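Visitor: I have a model open and a few questions about its side chains. Can we go through them?
Guide: Go ahead.

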Amino acid sequence: KLRLPGMAALYKEQDNQEGIKELTFDERIGLLIDAEEDSQSSHKIERLIHAANLTDSKASVTQILYYEDRHLNAEQIKVLATNEYIKKHENILIVGATGSGKSYIACALGVAACNAKLRVRYVRLPDLLADLEMSRLQGNYRTKIRSYEKCDLLIIDEWLLVSTKNIEQQDILEILEKRYRIHSTIFCSQFDVAGWHSKLGGAALADAILDRITPKSHIIKIDGDKSMRLR
């Protein structure tokens, strides 16, 4: 009734543990409380990973493959996995060809953030823009913007895969304006950062969007012409 499954499970196990009767009451109750704390922590992380909607919820920074032709910086990714960039409200720009493993690295960093009990959300840019368009029609646009604003880490995949319309650029700016001082965002793109300006219309809106992305960003450039799916 108190919803203490970790404590209940260990209490049952203690009957079969050698030497358990030699422990004092305080020692036994301490073990039970530790078990409950671990159980609640584990379940919270599971809920955060589920809510993040990652394409690969099992992704791990320890499983990233550092093939020589990928030119990945293992030390850089190791540092990013500490989530320090999230505390500093910095962004990550992951750039590479189709199949280069951009999404996997983003998901692995997303899982690392969930393990630190941070709120993460994964979304493809086409889905994000469609979601905002629907919310505009339904009259809950501001509520939808806040839903993208509040997560500690937002992962936007397929970033600028196609050029954007003016209204879409306004939507992107609206979200980034709300986030860039207080939260972090990971952008996964097939195109080098230098080409983003033109895909964002090449005008003042593009300037404003990039001004909220690039100044405080870490860049992960993935080289190589072999698809990680084939490898």
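Visitor: Is phenylalanine 187 buried or exposed?
Guide: This is a predicted model. In it, phenylalanine 187 has 0% relative accessibility, so it counts as buried, the cut-off being under 20%.

Visitor: How many aromatic pairs are there in the whole structure?
Guide: A search finds 3. In one of them, phenylalanine 187 pairs with tryptophan 159, edge-to-face, at 4.8 Å centre to centre and with 65 degrees between the planes.

Visitor: Which parts of the chain does that pair link?
Guide: Distant ones, 28 residues apart. Tryptophan 159 is in the loop between strand E3 (153-157) and helix H8 (166-179), while phenylalanine 187 belongs to strand E4 (residues 184-189).

Visitor: And tryptophan 159, buried or exposed?
Guide: Tryptophan 159 counts as buried because its relative accessibility is 1%. It also forms an edge-to-face pair with tryptophan 196, 5.8 Å centre to centre, with 70 degrees between the planes.

Visitor: Switching to charges. Which ring does arginine 121 sit over?
Guide: The ring of tyrosine 148, with the charged end of arginine 121 at 3.9 Å from the ring centre. Likewise, the charged end of lysine 199 sits over the ring of phenylalanine 191, 4.4 Å from its centre.

Visitor: Next, helix H1. Which residues are buried there?
Guide: In H1 (residues 5-14) they are Gly6, Leu10 and Gln14.

Visitor: Why do they line one face?
Guide: Seen down the axis of H1, the buried residues fall within an arc of 70 degrees, so they line one face of the helix. In an α-helix there are 3.6 residues a turn, so residues three or four places apart point the same way.

Visitor: What covers them?
Guide: The cover for the buried residues of H1 includes helix H2 (25-52).

Visitor: Last one: where is serine 135, and what is it in contact with?
Guide: Serine 135 is in helix H6 (residues 125-138). At 1% relative accessibility it counts as buried. A polar atom of its side chain lies 2.7 Å from the backbone oxygen of leucine 132. Leaving aside neighbours within four places in sequence, serine 135 is in contact with Asn140, Tyr141 and Lys144.

Conventions. Residues numbered from 1 in each chain as written. Predicted model: local features only at pLDDT ≥ 70, side-chain atom pairs only at ≥ 80, totals over all residues. Heavy atoms only, no water. Phe/Tyr/Trp six-rings, centres within 6.5 Å; stacked < 30°, edge-to-face > 60°. Helix = DSSP H or I, 4+ residues; strand = E, 2+ residues; numbered from the N terminus. Buried < 20%, exposed > 50% of the residue type's maximum accessible area, 1.4 Å probe, protein only. Lys NZ or Arg CZ within 6 Å of the ring centre and 35° of its normal. Arc of directions from axis to C-beta. Contact = heavy atoms within 4.5 Å. Polar contact = N/O pair within 3.5 Å; in protein donor to acceptor, adjacent residues only side chain to side chain.
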